[in-house]
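The structure is shown first.

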Amino acid sequence: MDKKTFLQSLRNIQRLPEKIDINFDESQKILYIGVDSLSVCRNMQEDASAFEGWIFCIYANRKREIERVILSWDIPQIKNLHYKRFLYRVLKMQEHFLWFAPSENNVADIIDFKDSVYTVGNLFLNYPQNDSKTENIKEKTEAYFERAFLDPEKLFLNTSFDVCNHQLPVGIFRDKVDKEHGLFPYGKSAIDLWAIKADELWIFELKYNNKKVGIISELLFYLWIMEDLCFHHRIGYDLQKEIPSIRDFDKFYLAVQKNISTIYGVLLVDDLHPAITSELIDFINQENCNKQTIVKTQKYKPHITVKLL
């Protein structure tokens with residue numbers, strides 16, 4: 001079934017990014033997704049780069065008819081930091097969802113990344129370097145709402161946290177945390193909000209006036225990084241540096257060194273793409289092989305004083 005015919009059969013998805021190609025083999029019950037070489041080298045928030053988000057939106061739509069999803073992509077000539085992060089995302093999708101796989105033409109890149117980077121060790125996260133700006137933040141912006149949620153009693157409905165804060169860096173480095181050893185994009189790469197409740201870690205991807213499907217890709221990536229930090233210990237921190245107390249990072253560090261039982265990833269939004277429904281969130285959690293990572297949603301009204309719904 002070609003792209004146009006297939007799209008007409010979907011609910012809540014009127015179109016896909018032009019650079020994402022799809023084909024559905026009805027006889028084999030296989031959904032084929034294709035991504036071009038530019039999209040795999042760009043920010044995962046962009047529509048054409050958010051392959052995970054589109055896969056879930058489509059699969060949840062047609063889950064009775066689809067049994068496998070095969071992702072293919074054009075291999076770029078220059079493999080930048082976004083591409084290396086893309087390979088990590090593909091690898092983690094394959095770990096978590098048994099019906100997903102890269103195409104035969106792309107398997108070699110995944111195996112090389114896994115063998116030469118992912119399983120070798122010495123992968124470090126960066127620390128927060130300074131306190132974030134708290135004054136002169138424009139109202140009705142994501143930065144404004146991010147700071148408005150910095151209250152352990154008001155971050156998630158009917159939940160009280162031991163500690164919460166924002167802007168947790170998730171840049172990944174190999175051997176040493178500096179510009180020359182960056183593995184994935186860093187700089188502004190950070191989890192919007194995080195919280196600890198007993199032995200639970202909660203992370204939040206905040207959006208305001210943004211209904212892109214890429215929010216799914218972002219949140220899953222952050223969940224997988226935290227999973228590799230807390231459960232698999234494939235990623236850690238460079239202990240040659242002092243643990244800073246900036247934005248309560250020392251409390252976060254102590255908590256994740258203990259036995260974190262569950263990691264919750266929350267879509268904290270005023271609105272969502274119409275294809276991201278409660279049924280889709282349930283589908284992700286049901287299909288996920290690791291039941292210690294759970295996706296949730298929390299909506300809010302974007303008034304000057306936010307109100308959870």
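K211 is partly exposed, its relative accessible area being 45%. This is a predicted model. The side chain of K211 forms a salt bridge with that of D271, at an N to O distance of 3.8 Å. K211 sits in the loop between β9 (200-207) and α6, and D271 in the loop between β11 (262-269) and α8 (278-287), so the pair ties together parts that are 60 residues apart in sequence. D271 is also partly exposed, with a relative accessibility of 31%.

## Other salt bridges

The count of salt bridges comes to 16. One of them joins E95 and K92, whose closest N and O atoms are 3.1 Å apart. Both residues belong to helix α3 (residues 81-96), where they are 3 residues apart, about one turn of the helix. K92 has a relative accessibility of 0% and therefore counts as buried, the limit being under 20%. E95, at 28%, is partly exposed.

E146 is buried, at a relative accessible area of 5%.

## Packing of α2 against α6

Helix α2 (residues 51-61) and helix α6 (residues 214-230) have axes that come within 7 Å and cross at roughly 110 degrees. Because angles of 65 to 115 degrees count as roughly perpendicular, α2 is described as roughly perpendicular to α6. The crossing of α2 past α6 is right-handed.

On the α2 side, the contact is made by F51, E52, G53 and F56. The α6 side contributes I216, S217, L220 and W224. Sorted by class, the residues in this contact are 5 nonpolar, 2 polar and 1 charged.

## A buried aspartate

Where does D238 lie in the chain? D238 is in the loop between β10 (236-237) and α7 (249-257). Is D238 buried or exposed? Its relative accessible area is 11%, and under 20% counts as buried, so D238 is buried. Leaving aside residues up to four places away in sequence, D238 touches F124 and Y127.

How values were computed
Residues numbered from 1 in each chain as written. Predicted model: local features only at pLDDT ≥ 70, side-chain atom pairs only at ≥ 80, totals over all residues. Heavy atoms only, no water. Helix = DSSP H or I, 4+ residues; strand = E, 2+ residues; numbered from the N terminus. Buried < 20%, exposed > 50% of the residue type's maximum accessible area, 1.4 Å probe, protein only. Contact = heavy atoms within 4.5 Å. Axes fitted to C-alpha atoms, helices over the stretch in contact; angles between N-to-C directions. Parallel < 35°, antiparallel > 145°, perpendicular 65-115°, else oblique. Left-handed = near helix turned anticlockwise from the far one by under 90°. Nonpolar A, V, L, I, M, F, W, Y, C, P; charged D, E, K, R; others polar. Salt bridge = Lys/Arg side-chain N within 4 Å of Asp/Glu carboxyl O.
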